[in-house]
Amino acid sequence: MKKLLQIFVAMMVWCVLVGLMTFPMLWLGTTHYAAHDTPDTQFTVVIVNEQGAEIPVKWHEAQHANWVRYAPPDCEADSCLYQLPDGSLKYHDDAPLQFTESHYRIVDDRIEPIAFTVYNFGDSFLQMILAFVAYKIGKYGWARWRLRGSPDELYVYHQLVMYKIKLALLTVMMLVVLFWVVEKF
């Protein structure tokens with residue numbers, strides 16, 4: 001029962017670390033633009049045609065399209081356009097393995113980009129790995145602090161840690177070779 005509780009606590013700490021790493025990953029994935037910058041090619045805005053249909057288009061196409069200015073309604077779809085309190089617009093697009101957010105404003109019938117955020121599966125995977133590394137470093141630091149008065153036990157602990165690191169590196173190396181062989185054939 002004690003081992004099961006330790007596993008549960010370790011998983012909860014790992015999940016909290018993954019959650020805490022979301023904000024820096026979103027910050028790193030956001031590009032901010034000055035007043036007359038040209039945004040990324042994926043920067044998407046929503047235009048409304050004369051019939052009232054919302055059409056998501058790339059920023060470059062929207063600069064030359066006929067569109068109508070409007071206040072967006074609430075939406076329930078994967079792709080939503082929101083009007084923020086400052087009057088700017090944010091288009092959130094959920095794709096299967098990523099989401100993008102285009103933040104822009106309309107100035108003198110011209111679409112002016114503010115920020116663009118991309119968050120994908122690779123970012124989530126990196127978060128999980130970094131959270132695991134942070135957990136292991138924390139666990140190692142805790143063990144060093146706990147065993148600081150006993151040099152013999154600390155030496156044995158270091159030997160065990162080095163063995164586990166070597167085993168993990170060997171496993172990763174074998175998986176990389178396996179994926180490489182599978183890809184070649």
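This is a predicted model: local features need pLDDT of at least 70, side-chain atom pairs count only at pLDDT 80 or more; totals for chains, interfaces and linings use all residues.
View 1. M12 sits in helix α1, which covers residues 2–20. A nonpolar patch on the surface takes in M12 together with L5, I7, F8, V9, M11 and V13. Together these residues have about 630 Å² of accessible area.

View 2. K139 belongs to helix α4, residues 121–146. K139 is partly exposed. The relative accessible area of K139 is 41%.

**View 3. A131 in helix α4.** Helix α4 also holds A131. Here the relative accessibility is 0%, so A131 counts as buried. A131 and G19 lie 112 residues apart along the chain. Their C-alpha atoms are separated by 9.0 Å.

**View 4. Strand β2, enclosed.** Strand β2 spans residues 44–48. Of its 5 residues, 5 are buried, so the strand is largely enclosed by the rest of the structure. T44, V46 and V48 point one way from β2. V45 and I47 point the other way. Residues on both sides are buried.

**View 5. The pairing of β2 with β3.** Strand β3 covers residues 54–58. β2 and β3 run antiparallel, joined by 5 bridges. One of the partners can be named: V45 bridges to V57 in β3. V45 itself is among the buried residues of β2.

**View 6. The β5–β6 hairpin.** β5 and β6 are joined by a hairpin through 3 residues. The two strands pair in the antiparallel sense, over 6 bridges. D94 has F99 of β6 as its bridge partner.

**View 7. The E101–K90 salt bridge.** The side chains of E101 and K90 form a salt bridge, with an N to O distance of 3.6 Å. This pair links distant parts of the chain, 11 residues apart. E101 lies in strand β6, residues 98–107, and K90 in strand β5, residues 89–94. K90 is partly exposed, and its relative accessible area is 23%. In total, the structure holds 2 salt bridges.

**View 8. The β6–β7 hairpin.** Strand β7 covers residues 110–120. β6 and β7 pair in the antiparallel sense over 10 bridges. Their hairpin has 2 residues between the strands. In the turn, D108 has a positive phi of about 50°.

**View 9. R105 and E112, paired through bridge and side chains.** R105 has E112 of β7 as its bridge partner. Their side chains also meet in a salt bridge, 3.8 Å from N to O. Is each side of this pair buried or partly exposed? E112 is buried, with a relative accessible area of 9%. R105 is partly exposed, at 34% relative accessibility. Buried here means under 20% relative accessible area, so the 9% of E112 falls below the cut-off.

How values were computed: Residues are numbered from 1 along each chain as its sequence is written. Side-chain values use heavy atoms; hydrogens and water are left out. Helices (H or I, at least four residues) and strands (E, at least two) are DSSP runs, numbered from the N terminus. Buried means under 20% relative accessible area, exposed over 50%, partly exposed in between (1.4 Å probe, protein chains only). Two strands pair if DSSP finds at least two bridges between them. Patches are made of residues with over 30% relative accessible area and no salt bridge: like charges are joined within 9 Å, nonpolar side chains (Val, Leu, Ile, Met, Phe, Trp, Tyr) within 5 Å. Accessible areas come from the Shrake-Rupley method with a 1.4 Å probe; for residues, only the protein chains shown count as cover. A salt bridge is a side-chain nitrogen of Lys or Arg within 4 Å of a carboxyl oxygen of Asp or Glu.
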